[in-house]
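Thanks, everyone. I'll keep this short. Please have a look at the structure on the screen, and then I'll walk you through it.

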Amino acid sequence: MSPDLPSPIPLQAYLVLAAILFCTGVWGLINSRNAVRVLMSIELMLNAVNINLMAFSTYLDGQLIRGQVFTIFVITVAAAEAAVGLAILLSLYRNRETVDMERFNLLRW
Amino acid sequence: MTIASTTQQICFLVLSATLVFGSLGVVLLPNIVYSAFLLGGVFLSVAGLYLMLNASFVAAAQVLVYVGAVNVLILFAIMLVNKQETLAAIPGLLLRRILSGAVCAGLFLLLVRVAFTTDWALPGPTPIGDEATIRIGEHLFSDYLLPFELASVLLLMAMIGAIVLARRDVFSSDVITGEPVDQGLIEKSRTPLLLDTNDQKRPMLENTP
């Protein structure tokens with residue numbers, strides 16, 4: 001994007017794209033039967049949030065790019081979350097011998 | 001980075017189409033291995049969007065961390081838990097899918113309405129463009145120093161926690177009484193494939209003198 005011309009892509013395009021990605025992630029999170037796919041849906045939602053942060057950082061906070069710093073931290077936390085989540089998944093699979101989310105009902109009343 | 005506006009629009013359209021259809025494939029495809037590879041494609045197109053927003057450092061971090069680490073980790077998890085199992089039918093599955101789809105569509109409409117009705121403070125300050133990496137470094141070592149250090153502690157905790165959770169404890173003797181313990185109680189047989197090969201090998205071993 002050249003500094004004197006406005007960007008040819010409006011801010012709303014990024015926001016709508018992130019909204020599509022987030023809603024897809026939410027639907028997958030609710031409806032997946034496979035536990036690995038649930039983790040993938042969480043990653044999709046985190047990426048949607050990151051797109052929002054980056055778009056706001058460039059369009060509304062162009063000098064102090066605080067949104068980009070936040071995105072770095074979100075990426076860090078997402079990596080830690082993926083590692084711990086997959087370790088929990090492996091431990092669950094070892095005990096229950098399934099990855100079906102409907103059968104992980106230990107804490108159900 | 002200065003690109004002609006038409007080129008920029010075409011890039012945005014291609015990247016967003018990849019993003020939308022890739023994410024739908026991640027959620028909807030029946031084979032989970034295809035989903036994992038499509039997830040890598042989604043991460044790469046998100047990195048392309050970051051490049052279009054003049055954020056080269058975050059795009060590189062996205063490729064390194066998401067495509068290089070998280071996606072490979074997910075592929076390893078699929079490889080470790082890949083058992084073909086027929087999922088038991090649950091009642092009201094279709095109703096649940098329709099209801100959650102309606103909720104997600106409502107959320108999407110709400111977000112779109114917020115995006116188009118809010119009076120954003122546009123145009124904002126001039127983007128600094130290629131100096132973004134320098135500015136991120138200044139932020140990380142001045143006003144965001146405490147979160148930066150906390151992130152390192154968080155990564156250490158996640159690493160130790162993942163090792164502790166995924167480790168397979170095999171004790172050959174009981175800790176309290178000292179008696180030998182049947183390892184089959186602790187380490188369950190994992191895949192029927194392994195049991196089948198053992199059963200097939202056993203008669204061959206009996207025939208050999």
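One definition before we start. Buried means under 20% relative accessible area, exposed means over 50%, and partly exposed is in between. Keep in mind that this is a predicted model.

Salt bridges come first. How many salt bridges does a search of the whole structure find? Over all chains, the search finds four. I'll take three of those in turn.

Start with R66(A). Its salt bridge partner is D61(A), and the closest N and O atoms are 3.0 Å apart. Is R66(A) buried, partly exposed or exposed? Its relative accessible area is 37%. Now the partner. D61(A) has 16% relative accessibility, so D61(A) counts as buried.

Next is R33(A). This residue forms a salt bridge with D100(A), with 2.9 Å between the closest N and O atoms. The pair links distant parts of the chain. R33(A) sits in the loop between α1 (11-31) and α2 (35-60) of chain A, while D100(A) is in the segment after α3 (66-96) of chain A. The two are 67 residues apart. Buried or exposed? Both R33(A) and D100(A) are buried.

E138(B) pairs with R135(B), and here the closest N and O atoms are 3.4 Å apart. Both belong to helix α5 (residues 132-141) of chain B. They are three residues apart in that helix, so about one helical turn separates them. E138(B) has a relative accessibility of 43%, which means partly exposed.

Back to the loop in chain A. S32(A) also lies between α1 and α2 of chain A. With a relative accessible area of 9%, S32(A) is buried. What does the side chain of S32(A) reach? It reaches the backbone oxygen of G28(A), at 2.5 Å. Set aside the neighbours within four places in sequence, and S32(A) is in contact with R37(A), V38(A), S41(A) and M101(A).

Now the nonpolar core. The largest one has 68 residues. Which residues have the most contacts inside it? They are Y14(A), M40(A), I51(A) and I74(B). Both chains supply this core. From chain A, α1, α2 and α3 each give at least two residues. From chain B, so do α1 (5-28), α2 (32-52), α3 (56-80), α4 (93-117) and α5. The largest share is 11 residues, and that share comes from α2(A).

Stay with M40(A) for a moment. Leave out residues up to four places away in sequence. M40(A) then touches V26(B), I32(B), S35(B), A36(B), L39(B), I74(B) and I78(B).

On to empty space. Rolling a probe the size of a water molecule over the atoms shows where such space is left. How many cavities of 30 Å³ or more are there? The count comes to two. The largest cavity has a volume of about 50 Å³. From chain A, its lining has T58(A), G62(A), I65(A) and Q68(A). From chain B, the lining has L53(B), N54(B), P127(B), I128(B), G129(B) and A132(B).

The largest pocket has a volume of about 520 Å³. It is lined by 24 residues, and the closest to its centre are N34(A), R37(A), P30(B), I32(B) and L87(B). R37(A) is one of the contacts of S32(A) too, and I32(B) is among the residues that M40(A) touches. Which elements give two or more residues to the pocket lining? They are α1 and α2 of chain A together with α1 of chain B. The largest share, three residues, comes from α1(A).

Last, chain B as a whole. Its secondary structure comes to eight helices and zero strands. Of its 209 residues, 25% are buried. Take the contacts in chain B with a separation of 6 or more. Residues 24 or more positions apart account for 42% of those.

G48(B) lies in helix α2 of chain B. At 17% relative accessibility, G48(B) counts as buried. How far apart in space are G48(B) and V58(B)? C-alpha to C-alpha, they are 10 Å apart, and 10 residues apart in sequence.

Notes. Residues numbered from 1 in each chain as written. Chains lettered and ligands numbered in written order. Predicted model: local features only at pLDDT ≥ 70, side-chain atom pairs only at ≥ 80, totals over all residues. Heavy atoms only, no water. Salt bridge = Lys/Arg side-chain N within 4 Å of Asp/Glu carboxyl O. Helix = DSSP H or I, 4+ residues; strand = E, 2+ residues; numbered from the N terminus. Buried < 20%, exposed > 50% of the residue type's maximum accessible area, 1.4 Å probe, protein only. Polar contact = N/O pair within 3.5 Å; in protein donor to acceptor, adjacent residues only side chain to side chain. Contact = heavy atoms within 4.5 Å. Core = buried A, V, L, I, M, F, W, Y, C linked by side-chain atoms within 4.5 Å. 1 Å grid on protein atoms, 1.4 Å probe; cavity = no way out; pocket = protein on both sides within 12 Å on 5 of 7 lines; lining within 4 Å. Points joined across faces, edges and corners; volume = space filled by probe spheres on them.
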